[in-house]
Amino acid sequence: MQAADNQPAPAGGGRCDLAIVGGGLSGGLIALAAARRDPGLDIRLVEAGEVLGGNHRWSWFDSDLGEGGGALLEPFRKTEWDGGYDVAFPAHRRLLQARYNSLASEDFHAALMRELPQGTVVLNRAVDTLDAGGVTLSDGERIAARCVIDCRGIEDAPTLEGGWQVFLGRHMHTAKPHGVARPVIMDATVRQHGAYRFVYVLPLGLDELFIEDTYYADSPVLDRRALGSRVEAYCQAHGWDGEILGHETGVLPVITGGDFAAFQNAARTEGVAMAGAKGGFVHPLTSYTLPFAVRIAQLVADNVALPGEQLSALLEAEARRHWAATKFYRRLGTMLFGAAEPDERYRIFERFYRLGQPLIERFYAGKSTFADRVRILSGRPPVSIGRAVSALFSSRPSLSRKSP
C-alpha cells in the first residue's frame with residue numbers, strides 16, 4: 001500500500017483488471033477490499049467529483065458488521081462511542097448500550113488516497129458510457145478493463161414503490177462545551193410537520209456537534225430554508241451556538257415494494273456488475289447502506305478473479321437474494337406510510353424502541369429472525385389494525401423523482 005502522498009491517476013494506461021465507476025461508499029470499499037485481497041490487481045476507481053465519498057456521513061453499530069467487516073473499516077479515521085446511545089419520544093426515553101461509530105467523507109477520502117496503490121484513483125472524470133469491456137470517459141478517453149462495476153447510485157426508480165427519507169445536517173463548532181455525552185439516534189419529541197420527524201445528534205468532540213433533521217416523508221421535496229430554520233431552532237432550544245462548519249443534505253428512497261426484476265433490467269448493462277444502491281443493496285426501511293456495502297465489498301474481493309460477466313451475474317443473484325430477505329422491512333415501511341397519519345408515525349418507532357436491544361440490533365443489521373418478526377408485530381399495535389391491513393394490500397407511489 002502507498003503512503004499519504006498518493007496522487008490521483010490519469011485515466012489512461014492500458015487495460016486494467018477492475019474498473020469501478022463511482023467513488024462513493026460502495027465503490028471505495030470494493031476498491032480497498034479487492035486491493036487488499038490481491039495487491040497485484042490493477043484497479044481504477046473513477047469518480048466524477050473532486051473527492052471520493054462526496055459530502056456524507058455514515059454511521060453504524062458494531063453489530064451491523066459480519067466477520068471481517070471491522071477489519072476492512074480499520075484504516076478509516078472514525079468517531080466511536082462506547083457509552084451507548086439515546087432515543088427520545090413523547091412517551092418513552094431510553095439509553096441503549098451499544099457501540100456506535102461514524103465516518104465522515106473527508107476521512108473516507110483521505111484513507112483511500114493513502115491506502116490504495118498509486119495510480120488507482122481517477123478524480124474529476126465523468127463517465128460517458130460503460131460496457132463489459134471498459135469505461136469511456138466524457139472526453140472520449142477509454143479505460144479498458146477485464147471487469148467493470150457500476151456504483152453510481154440510483155438516479156430514478158419508477159418500478160419501485162415507497163416514500164422518502166429527507167434530511168439536512170449541520171456540522172458546528174460550539175462556542176462552549178455542549179454537554180452532550182453520547183449520540184442521540186432519534187429525538188422524536190420535536191414537532192412532526194406532516195411526517196415522521198426526528199433529530200439526530202452526534203457529539204464529535206467536547207465543542208463539536210453534528211445535528212441532522214430527518215423526515216420519513218411522502219414527497220422527495222427538500223426545503224432547505226425550512227429545514228435549516230428548524231435545525232437552528234433546535235440548537236437554540238438546547239443552548240448551542242457557534243461556528244457552522246458545513247451542511248449535508250439528502251433524499252433517500254424508503255422502499256416498500258415494486259417490481260425488482262424490472263428495476264434490475266432498467267439499470268443493467270450487459271456484462272457490467274452493479275453494486276451499492278444501484279445494485280439494490282440497501283436496508284429498505286432505514287436506508288442504511290454501510291453494512292451492505294461492506295458485505296458486498298468482501299464478496300467482490302472473494303470473487304475478483306472471475307470474468308466480468310460472471311461477476312455481474314453473481315452480484316445480480318445476490319441482489320435478488322437480498323430483496324427476498326428484506327421483504328419484512330418493506331412490509332413495515334408500507335404500514336409506516338399507509339397505516340398511520342403522518343404526524344402519528346412516530347408511535348410505531350416509539351413502540352419499537354420498547355423491545356429488547358438484541359432484537360433492535362438485528363433489525364438495523366437486516367438480520368431479524370422469525371421470532372423477532374413475530375415480536376415486532378405482536379401485541380397492541382400503535383396504529384389502527386384495519387388501516388394496517390389495508391396498507392399491506394395497497395400500493396405506494398412510484399419512487400420516481402421525475403415529473404409525470
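**Close-up views of a predicted model**

**View 1. The largest nonpolar core.** In this predicted model, the largest nonpolar core has 75 residues. Those with the most contacts inside this core are L29, F76, F108, I149, V201, I211 and W240. Take F108 as an example. Beyond its neighbours within four places in sequence, F108 is in contact with G23, G24, L25, G28 and L29 among others. The list of F108 contacts also includes L52, G53, W58, F76 and L103.

**View 2. Helix α1 against helix α7.** Helix α1 covers residues 25-37, and helix α7 covers residues 290-302. Their axes come within 8 Å. They cross at roughly 35°, and the crossing is right-handed. On the α1 side, the contact is made by L25, S26, L29, I30, A33, A34 and R37. These meet L290, A293, V294, A297, V300, A301 and D302 in α7. Eleven residues of the contact are nonpolar, one is polar and two are charged. L29 of α1 takes part in this contact, and L29 is also listed among the residues with the most contacts inside the largest nonpolar core.

**View 3. The sheet β3-β7-β4.** Three strands form an open sheet in the order β3-β7-β4. Their pairing is antiparallel. Strands β3 (57-61) and β4 (79-81) are the edges, and each pairs on one side only. On average, neighbouring strands of this sheet are turned by 15° against each other, direction ignored. Five bridges link β3 to strand β7, residues 100-104.

**View 4. The β5-β6 hairpin.** Strand β5 (residues 85-89) and strand β6 (residues 92-96) run antiparallel. Five bridges join them. The two strands form a hairpin, with two residues between them. D86 stands opposite L95 in β6.

**View 5. The loop between β13 and β14.** This loop lies between β13 (184-187) and β14 (196-205), and A195 is in it. A195 has a relative accessible area of 2%, so A195 is buried. Not counting residues up to four places away in sequence, A195 touches Y215, Y216, A217, P342, D343 and R345. The C-alpha atoms of A195 and F337 are separated by 9.0 Å, although these residues are 142 residues apart along the chain. H193 is found in this loop too. H193 is partly exposed, with a relative accessible area of 30%. Its phi is positive, near 60°. Most residues other than glycine have a negative phi.

View 6. V180 sits in the loop between β12 (157-174) and β13. V180 counts as buried because its relative accessibility is 17%, below the 20% cut-off. Leaving aside its neighbours within four places in sequence, V180 is in contact with V201, P203, L209 and W240. Of these contacts, V201 and W240 are listed among the residues with the most contacts in the largest nonpolar core. The C-alpha atoms of V180 and L202 are separated by 8.2 Å. Along the chain, V180 and L202 are 22 residues apart.

View 7. S287 is found in the loop between α6 (276-279) and α7. S287 is not a glycine, yet its phi is positive, about 65°. At 11% relative accessibility, S287 counts as buried.

Definitions and conventions:
Residues numbered from 1 in each chain as written. Predicted model: local features only at pLDDT ≥ 70, side-chain atom pairs only at ≥ 80, totals over all residues. Heavy atoms only, no water. Axes fitted to C-alpha atoms, helices over the stretch in contact; angles between N-to-C directions. Helix = DSSP H or I, 4+ residues; strand = E, 2+ residues; numbered from the N terminus. Left-handed = near helix turned anticlockwise from the far one by under 90°. Contact = heavy atoms within 4.5 Å. Nonpolar A, V, L, I, M, F, W, Y, C, P; charged D, E, K, R; others polar. Core = buried A, V, L, I, M, F, W, Y, C linked by side-chain atoms within 4.5 Å. Buried < 20%, exposed > 50% of the residue type's maximum accessible area, 1.4 Å probe, protein only. Pairing = 2+ DSSP bridges.
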